[in-house]
Each structure stands twice: as structure tokens, then as C-alpha cells.
Amino acid sequence: MISNNGRLKIAIQRSGRLTDDSLGLLRVCGLEFEFQKQSLYSPCRNFALDVLALRDDDIPEYVQDGVADLGIVGENIVQEKKARVTVLTKLGFGGCRLTLSVPQRSPIKTIRNLRGRRIATTYPSTLRQFLRAKGIRAEIVQLSGSVEIAPTLDVADAICDITSTGTTARMNSLRPLQTVLESEAVLIANKRAHEDSGKKALVDRLLIRVSGSLQAKGKRYMMMNAPVSAVPRLKQIIPSLKSPTVVPLAEEGMVALHSVIAEDVFWDVMERLKKAGASDIVVVPIEMIIK
Ligand code: ATP
Ligand code: ZN
């Protein structure tokens with residue numbers, strides 16, 4: 001058992017699909033620590049926080065029980081474990097869905113046809129709840145992995161499994177019937193974390209940083225030079241340039257414009273900005289926007 005030393009504990013997936021993004025988020029938040037998969041926990045040098053490396057399936061329960069104060073885990077796992085935790089915020093990575101699928105040649109066309117059939121899954125609780133809500137009685141075959149091969153082995157007629165790109169489904173000749181759950185990684189907290197004022201203060205400080213990094217997602221900082229006379233036209237080209245920072249340059253009649261811009265918009269407008277008189281356009285990444 002880890003002692004309650006007033007330090008915040010955040011559980012992240014030790015090794016898997018969420019690990020790199022979870023570490024990336026903590027680093028962008030300015031937390032310095034050595035992360036080793038083999039060690040259970042990594043103390044942070046510049047913040048009263050320890051990073052616990054766990055299997056993702058264990059994270060909701062550990063946060064619920066207070067072994068960790070915070071956790072980063074998929075909504076799919078939080079829901080399946082029916083963990084009593086508070087979801088503080090979605091994190092914008094680890095997107096996936098829990099999908100009901102059948103073999104390409106299956107006579108099953110809609111979820112109604114699943115009546116009396118066998119459905120293989122590693123998400124029995126979520127599936128049970130879904131079927132109950134739809135009024136469909138079916139047999140749930142609980143597996144611990146490799147659900148996609150269950151129909152081939154004839155242990156199931158359908159499967160309920162996580163997909164993100166659909167590649168696995170296509171590779172195994174599966175046809176999706178219906179999405180059961182849309183999921184992404186979330187930051188969860190112990191329900192009593194706010195009772196300890198010291199810890200609450202730490203959580204709040206961390207949350208400001210996390211929100212700052214979420215705000216910055218998909219955004220770039222753009223700077224350009226232009227003649228003063230071109231400024232009204234440049235402002236028309238992109239909505240976000242409505243209130244750019246306009247800085248006079250040493251050269252008479254020239255200004256620098258600074259603005260935040262969505263990265264997907266940038267490529268469209270860059271050429272138009274040039275035509276409208278902008279030059280020396282510089283685009284840099286943004287790590288945080290703290291409102
Ligand atoms: P662990 O060893 O920690 O139990 P795991 O093998 O159960 O790992 P991963 O496959 O690494 O888990 O997936 C972790 C999480 O990533 C999932 O619970 C889900 O929230 C998310 N995820 C995103 N895309 C996918 C995908 N294509 N398949 C599975 N999970 C995905
Ligand atoms: Zn797992």
C-alpha cells in the first residue's frame with residue numbers, strides 16, 4: 001500500500017494505446033518525472049504528484065477506492081467497471097467505439113435478429129445493459145481477448161468489441177451492426193478527492209494546465225508582416241483574425257499581425273493571405289491557452 005503522504009497520485013496505463021498520449025499530456029502540463037514501465041510509480045520532481053503505472057482495467061477501481069486520486073483511462077473501461085468516480089474532463093485522445101458486428105455472410109441484418117443468439121465480448125456488463133435497454137434477449141459469451149475470431153471458431157454468432165479504424169473488422173470479414181458506445185480517454189477523480197483541501201488545491205492546479213492544453217489542441221500561432229493598408233483585407237480573410245494583435249514595425253507603414261488560428265483552416269487561407277499582401281508568414285505550435 002502506498003502511504004498517504006499528501007502527494008497526489010495519478011494512475012495511467014502502464015503499456016498500451018493510452019500510454020504515450022497520457023505521458024504527453026502530463027509532460028505538456030510541465031510535470032517532470034522519469035517513467036519506467038517496470039516500476040509501479042514515478043515521483044514527479046517539480047509537483048507534489050506520483051504517477052502510478054497500472055493495467056487500464058484496474059484504473060477505475062483503484063481511483064474509486066482511493067489508491068489513486070486521479071486516473072487517465074478510456075470511458076469504455078469506466079463504464080464497464082461501473083466505477084463510482086467523477087469524470088473531470090474528456091481528453092481528446094484514445095477515441096474508439098464499442099461495436100456489435102457479425103460475419104459478412106451472416107443472416108443477422110439488424111440488432112433485432114440477435115434474439116436468442118450468442119454474442120462474444122470482453123464487455124459483458126456494458127453489452128448486458130445495452131441489450132436490456134433494447135429489449136433483446138441474447139446469450140453473452142464472456143471472453144478475455146481475441147473476440148474477433150469467436151464467430152470463426154463458432155463460439156458466437158456476433159461480437160461486441162472495440163474498434164477505432166475498422167481495419168480489424170475488415171480483416172476478419174466482419175460487418176458492423178450498431179455502435180454500442182462511443183469512447184475516448186477521460187481524466188477521472190476519486191469522489192472524495194475534494195475533501196482533502198491540500199489535494200483539492202493540487203487537483204485544481206493540474207486541471208488548469210490540462211484545460212489549457214485541451215484549448216490549444218488543433219491550434220497554431222500565426223505571425224505575418226503586411227502593409228498597414230492591407231490589414232482590413234487580411235482581417236476579412238480569416239474570422240479569427242478579427243482581433244489580431246497588430247504591432248508596428250520599424251519600417252514605415254508596415255505592421256506585424258499575430259493571431260491564433262485553427263490548423264485545418266491555415267492551409268486554406270495561407271495563399272489568400274499572401275495575395276492580400278502578407279509576407280514572412282510564420283506558424284508555430286501552441287502548447288497551452290490558459291483563459
Ligand atoms: P492493458 O494491458 O493495460 O490491460 P489493453 O490491451 O487492455 O491494455 P489497449 O489495447 O492498450 O488495452 O487499449 C487501451 C484503451 O485504448 C482501450 O480501453 C480504449 O479506451 C482505447 N482504444 C483506442 N483505440 C482502440 C482500439 N482500436 N482498440 C482497442 N482499444 C482502443
Ligand atoms: Zn486492459
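Here, buried means under 20% relative accessible area, exposed over 50%, and partly exposed in between (1.4 Å probe, protein chains only).

1. A word on the model. This is a predicted model, where local features need pLDDT of at least 70 and side-chain atom pairs count only at pLDDT 80 or more, while totals for chains, interfaces and linings use all residues. Residues are numbered from 1 along each chain as its sequence is written, chains are lettered from A and ligands numbered from 1 in the order in which they are written, and side-chain values use heavy atoms, with hydrogens and water left out.

2. The zinc ion (ligand 2). Its protein donors (N, O and S atoms within 2.8 Å of the metal, or 3.2 Å for Na, K and Ca; water is not among the atoms, so sites may look incomplete) are Asp-56 (OD) and Asp-57 (OD), at 2.0 to 2.1 Å. Asp-56 is buried at 18% relative accessibility, and Asp-57 is partly exposed at 24%.

3. Asp-57 again. Its side chain also meets that of Arg-55 in a salt bridge of 3.1 Å, N to O; the term stands for a side-chain nitrogen of Lys or Arg within 4 Å of a carboxyl oxygen of Asp or Glu. The structure holds 12 salt bridges.

4. Arg-97, please have a look. Its side chain forms a salt bridge with Glu-182 (3.2 Å, N to O). Arg-97 is partly exposed, at 35% relative accessibility.

5. Asp-154 and Arg-118 form a salt bridge, with their closest N and O atoms 3.1 Å apart. Asp-154 is exposed at 52%, whereas Arg-118 is partly exposed at 22%. Salt bridges with shared partners join Arg-117, Arg-118, Asp-154 and Asp-157 into one network.
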